[in-house]
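Thanks for coming, everyone. Please have a look at the structure on the screen, and then I'll walk you through a few of its details.

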Amino acid sequence: MISDLDQHLAEAATAIATAGDLDAMRTVNSELLGKQSVVTEARKTLGGLDEDERKAVGQRLNEVRAEIEALVAARRSALEGEARAEQLEEERLDLTELDRGRRLGHRHVVTQTWERLEDLFVGMGYTVSEGPEIEDEWHNFGALNFPPDHPARDMYDTLYVDHGEPGSTLLRTHTSPVQIRVMEAGEPPIYSIMPGRVFRSDTADATHMPVFHQIEGLVVDRGITFGDLAGTLEAFTRAYFGGDFTSRLRPSYFPFTEPSAEFDIRRPDGTWLELAGCGMVHPNVLAACDLDPEEWSGFAFGFGLDRLALMRHGIDDLRELFRNDHRFLSQF
Amino acid sequence: MKVLLSWLQEFAPVSGDPGEIGDQLSELGLAVEGITTVGAGLDGVVVARVLDLRPHPDADRIQLVDVDVGDGEALQICCGAFNMSAGDLVPLATLGTTMPNGMEIARRKMRGEWSNGMLCAADEIGLGADDEGILILDDDHELGRPLAEALELRPDVLYDLEVNPNRPDAMSVAGVARDLAARQGVPFARPEPSPDEAGEDAARRLTVDVLDLDLCGRFAVRVLDGVSIGPSPRWMANRLTALGMRPINRVVDVSNYVMLELGQPNHTYDLDAVQGGALRVRRATEGETVETLDGVVRTLSATDGVIADGNDEAIGIAGIMGGASTEISESTTSVALEMAWWDPISITRSARRLGLRSEASARFERGADPEVADLAMRRFAELLAESGATLTPGMVDVRGNTPARETIRVRTDRVNGLLGTGLERDEIAGLLESIEFSTRPADDDLDVDIPSFRPDSATEIDVVEEVARIYGYHRIARTVPQSTLTGSLTPYQTDRRAVRSAMVGMGLDEVMPVPFLAPGDLERAGLESDGITVSNPLVAEESVMRASLRPGILKTLVYNASHRLHSLGVFEVGHVYRRPDGNQPLPDEREHLAVALAGQDAGAAVGVFSALADALDARRYHLAAHVTPGLHPTRTAQIDVDGVPVGYVGEVDPGVLDAFGVDERVGWLEVDLEVLLGLPHGGRPYRPVSRYPSSDIDLAFEVDEATPAADVEAHLREAAGDLLADLTLFDVFRGAPVADGRRSLAFTLRFQADDRTLTDGEVAEVRKCCIDAVQGSLPAILRG
């Protein structure tokens, strides 16, 4: 009896090993462990044996059954693994073939520079103000202490538009009129920057455009000094360009600031770059905005935003910014 | 303004290496645009005579020149200039010479012909900016003589300064020297010439009548006798050349020299040619003409100032240019020397109107020194005395109106309060005295008298600037004021960033066309032509301000297509300008967003808008078919948000695309950002997520083409009420079995309650409500 079981186990092992796939395994499983299987049938005959023999055969029968079950499980697991591997192989992809270069769009490089500057000054406690691009003569010149016929007006090649009296309405030549609008709109303290688009009657070339962008800064508070202007621009220089840049102020002239200065930055290679005009807000400008120059003082600065964009990316022609060539735009 | 170091040193013992002095000038506000060493580095450059000129056998752009350097031998030079003739004297850089720019001259072959040196242009040897051809020398030099010796050149440093409009005093060598001396702490003085005087008093020689005292603040005349025309001394010619003026003859040269040195423009009349011995200063009559020194007949207007003679004939334009009729000539012996002060605004207007900017007008426009005439007259006579000219006694000096100069109280506290310095009263006085502002203590403050050469300084703040300038901006301690505000963007600015982010997230590139359009661009885009126009455009193509972003973007698409860049998706955020309603002071200017999807249809544009609405959380929008000029009449919808129109979505009209030359469909979105972002959006309260199961049902309706899907959806939403968790239009189908002119719209509705599991009965009930709502209100039939 026991030898029959041993014999059966050997045959079962062969059958399990030769089952070729999971379907065959299901058949083998039912043949070897199902209701009509040898091990099931054998259990039914145990009752007819004497006690010792029943014990010996029963024990062996359990062992054989367990062994068959283990063999079946192992074989099934192996076959499942093979089937999964086959399926995975069928799913194989060449991912490089699928890389179609899906892309996001691109902010214009001027916008990127604009937002960087906004973020920097917002971090220093400034708000951001804007004003109209088509301005009146008062905000662009008069309130900024440019008397009529003053030669300083010639510093700006102004484009006028056909609105209102001739000469009354113009394309703003700088962002400085926004200073006036900010001061007219509310009481100091004012800590604000004013980015925007400006216009000059300039023929387009590598360094000039009839349209370009500036950013203006205005601080009006009690006790603001020229030292505050110099310190603020130095802090800006280091924050924007890096700790290895420094700045200097040189005397200059603008009707709306006094003392006035040019703001230069010193590059790490020791060369200087003229970046901005600045100065203490002229008392006449404060007075034009109904602010008492004895109570309030302030400083203002303004510089070209496009040039910062050109510098950052090594672009050598201002016109590229406005040409809108996709091969240019998609680089930033 | 250009200045030579040696010239500055005639006024003050300034010193330092050239670069250091350059930095000091810049720190004084006289920005140095160039520093050139002149009259040095010319060892090896000698005087040579051109013997013969021959074409180069193998080159068109160079010729062969034989020159003699004094040994009688013909030395062959290859030369790229063609302006000399046989017999001319020219500078030759001999073999072994190192030029000022570092180039070494060696014997070399050019296209097969030997060149034994180099002939020099003026700019190559630091003698002015002229680079057109070889410098031709006056015919009185010994051949082979070193050029520096022959031309009496001294090593010197030339500074090219940018002078701001508020600094007329720095339009003179003396003015620059004054600033530099103050900076270096050395004494400054203008030498006082005292030329001999002889002959009849000026007042007996001519009369002066100033008829317009606002135009002419001062008109001073002296007379010189024994004047003759001839070349200036070499040193003077060299200085004028270095400062960019061409030597002409000794009278003209002295006139220029005095102007450059002291800043006083001046004019010489041939006294015998002045009819009636009278000079009359008046405004021109409209249409009056005068022939100026340059031989041009100028027509004047009533705002120009003129100098007329005894017959009241104009013989010069005030402050701008003298006339031809009284010009100094070979026959001149007596000269009337005019030194005037003209009203800056009048001169500015006239110079601008006449398109005639001279060295004189540049100085008068900024405001000349009304008190320097006496000194300048004597300097003029001194310089001309060597040639035998004599100054006669007396000066005819008529005064008109010049700006009043009042004593200015300068408060020490104000100076320090504005600059952030801690200067004592007497330190401030010292700084001001160094530039000839005279001061008197007034308690803790100062009373300051402004010198006549500083018309820009008229108020306390002007003096504060001078204190800062002479003290040195770089010496003022830097501080950073602590903003008492919270730095922030406005909600609009924050939202605008979200708009750009959404567009970039949709794969669109931001474009920035110029906001100028050509006439006709708006009409081509189907828009009204009544745009704001530029009154003084540079070119007609840039004479109209855009009333819409559409033309600029379409041109951008065309530009890219011409470079074979098709099917671009782009967006722009920018201002548009329109005529305002009523009598507004400024045009109606607002910020728009526009999106163009080349090669895509209206559906893609709607997708961009819904993404935008999602980004802004502005979900209560409605699209309604709309016909608007320039956009596709059957593929465009007006966008309403909360019932307010904010823009259009759809496609560009094919006729407009043809007009611009765009050869693919263009999906289009345009939004008035100021309106859209001004409407309520975002900030919705949190709605808890239901923990109960949901049930989905699908409903398909056959609907005629005239009924918008949005209407069906609206009825479904209303009928489903609070139980509706989600609604999606998942299929649109046309064709059999759906009847012609109709289509099937299939929706999935998901129902869910916050507080319970919905029963089948509840779902069936709400389903029925939905069906009844749609079928009852719209020409729609539920499909089986």
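Some ground rules. This is a predicted model, where local features need pLDDT of at least 70 and side-chain atom pairs count only at pLDDT 80 or more, while totals for chains, interfaces and linings use all residues. Residues are numbered from 1 along each chain as its sequence is written, chains are lettered from A and ligands numbered from 1 in the order written, and side-chain values use heavy atoms, without hydrogens and water.

Rings first. How many aromatic pairs are there over all chains? A search of the whole structure gives 22. Rings of Phe, Tyr and Trp (its six-membered ring) pair if their centres lie within 6.5 Å; planes under 30 degrees apart are stacked, over 60 edge-to-face, and the rest tilted.

Take A:Phe121 and A:Phe236. They are stacked, 5.4 Å centre to centre, with 15° between the planes. A:Phe121 sits in helix H6 (residues 109-123) of chain A and A:Phe236 in helix H9 (residues 226-241) of chain A, so the pair ties together parts 115 residues apart in sequence. Helices here are DSSP runs (H or I, at least four residues), strands likewise (E, at least two), numbered from the N terminus.

Buried or exposed? A:Phe121 is buried, at 0% relative accessibility. A:Phe236 is buried too, also at 0%. Buried means under 20% relative accessible area, exposed over 50%, partly exposed in between (1.4 Å probe, protein chains only).

Now chain B. B:Trp7 and B:Tyr257 are stacked, at 4.3 Å between centres and 25° between planes. B:Trp7 is in helix H1 (residues 5-8) of chain B and B:Tyr257 in helix H7 (residues 250-262) of chain B, 250 residues apart. Both are buried.

Back in chain A, ring pairs link a cluster, including A:Phe121, A:Tyr126, A:Phe236 and A:Phe303.

Next, charges. A:Arg248 lies over the face of A:Trp272, 4.1 Å from the ring centre. B:Arg524 lies over the face of B:Phe660, at 4.1 Å from the ring centre. The test: NZ of Lys or CZ of Arg within 6 Å of the ring centre and within 35 degrees of the ring normal.

Last, the helix. Which residues of H21(B) are buried? Among them are B:Val763, B:Val766 and B:Cys770. Down the axis of H21(B), the buried residues fall within an arc of 160° (by directions from the axis to the C-beta atoms), so they line one face. On the other side, B:Glu765, B:Lys768 and B:Gly776 are exposed.
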